[in-house]
Amino acid sequence: MLSVQFDPEALRQIIREEVRDAMDSSKVKELPPFLTRKELMALLHISQTKTSELLGRPDFPVFREAGLLIPTDLLFKWIEKNTQWVEDNSNYLSVI
């Protein structure tokens, strides 16, 4: 039988490092100042359904005055803020 041990703190550290690396990478610096819906989907590797969910959140950064555009810098700040929020406010990992 396969036995797997799970270390929630190790997972949190991996997530922190990956987000930090992604934000510091040259690819992020090459992104346009605003992303379209399709660019957001490609960047995050998410479906239309998940994209609609994100765009419908009141705290998700969207600039609607010029169509539907996502400010790239605010997107990464939002990701960082919400990644930390999940870590601080979710007991999901402690249950596993």
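This is a predicted model: local features need pLDDT of at least 70, side-chain atom pairs count only at pLDDT 80 or more; totals for chains, interfaces and linings use all residues.

Tutor: Residues are numbered from 1 along each chain as its sequence is written, and side-chain values use heavy atoms, with hydrogens and water left out.

Student: Why is tryptophan 78 called buried?

Tutor: Buried means under 20% relative accessible area, exposed over 50%, partly exposed in between (1.4 Å probe, protein chains only). Tryptophan 78 has 12% relative accessibility, so tryptophan 78 counts as buried. Of the 96 residues of the protein, 21% are in the buried class.

Student: What makes up the largest nonpolar core?

Tutor: A nonpolar core is a set of buried Ala, Val, Leu, Ile, Met, Phe, Trp, Tyr and Cys residues joined through side-chain atoms within 4.5 Å. Here the largest has eight residues: Leu35, Leu40, Leu54, Leu55, Phe60, Ile70, Leu75 and Trp78. Two or more of them come from each of helix H4 (48-56) and helix H5 (72-89); helices (H or I, at least four residues) and strands (E, at least two) are DSSP runs, numbered from the N terminus.

Student: Which residues does tryptophan 78 touch, leaving out those up to four places away in sequence?

Tutor: Contact means heavy atoms within 4.5 Å. On that count tryptophan 78, which lies in helix H5, touches Leu54, Arg57, Asp59, Phe60 and Pro61.
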